[in-house]
Amino acid sequence: MTDAKPRAVVLFSGGLDSTTILAIAKARGFSCFALSFDYGQRHGAELSAGRAIAKLMGVAGHRILRIGLDDLGGSALTDTTRAVPEPPGEGIPETYVPARNTVFLAYALAYAEVLGARDIFIGVNAVDYSGYPDCRPEFISAFEHMANLATKSAVQDHVRYRVHTPLIRLTKAEIIQCGKRLGVRYSITVSCYNADESGRACGHCDACYYRAKGFCEAAITDPTRYQPGV
Ligand code: ZN
């Protein structure tokens, strides 16, 4: 490895949480390799925003992988015949994508092994989106344990992989405050599940609700670009 800084893989969507994670990983001294997925999500504007943000934040690399989670279906995020729910909801939301974080982390682990990185960052949060089972601390620690059994680097070279989840116990307001301190430009991040092609938010979906609530509770002016009439 020729980098002066240790390398990290950052799971990065172009949304509020993962952009904050990227800023945190950079602040902790990592050379960041962002990893995004085109999985047929209805909010494709998020990926366009992600390209711009990754460039702006000076990542060492940014890969966007096409994976066919939409071919399997089972989620309001990939199946346009299912409605995106409006909050507040009960139980595991319709926007849950079957095994998404398991799949994403598996790719991140493979990328880390290729890069010679030991650190993976993921913006899971167990507070505001508490309905997702693959955002819980016990899932992350189980994955980390598996990563250290499953790879050639761990078995042969005694590499210890770490999955970092600095947002896991933070409220949305605390995440926003943290990002603000690190200079994150939230105006160009896209969270909305129904964003239009230019990334303007619908103002009604789950993601819009939690994002707006977060800015309000953080006492920071919401810089989100909304669609006309919202
Ligand atoms: Zn929305």
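Student: Why does cysteine 192 count as buried?

Tutor: Its relative accessibility is 2%, and buried means under 20% relative accessible area, whereas exposed means over 50% and partly exposed lies in between (1.4 Å probe, protein chains only), so cysteine 192 counts as buried. This is a predicted model, in which local features need pLDDT of at least 70 and side-chain atom pairs count only at pLDDT 80 or more, while totals for chains, interfaces and linings use all residues. Residues are numbered from 1 along each chain as its sequence is written, and side-chain values use heavy atoms, leaving out hydrogens and water.

Student: What makes cysteine 202 buried?

Tutor: Its relative accessible area is 9%, so by that cut-off cysteine 202 is buried too.

Student: What makes the four cysteines protein donors of the zinc ion?

Tutor: Donors are N, O and S atoms within 2.8 Å of the metal (3.2 Å for Na, K and Ca), and the SG atoms of Cys192, Cys202, Cys205 and Cys208 lie 2.3 to 2.4 Å from the zinc ion, so they qualify.

Student: Why is the site of the zinc ion called tetrahedral?

Tutor: Four donors count as tetrahedral if all angles lie between 85 and 135 degrees, and the angles among the 4 donor atoms here are 100 to 117°, so the name applies.

Definitions and conventions: Tetrahedral: all angles 85-135°; square planar, octahedral: opposite > 155°, others 65-115°.
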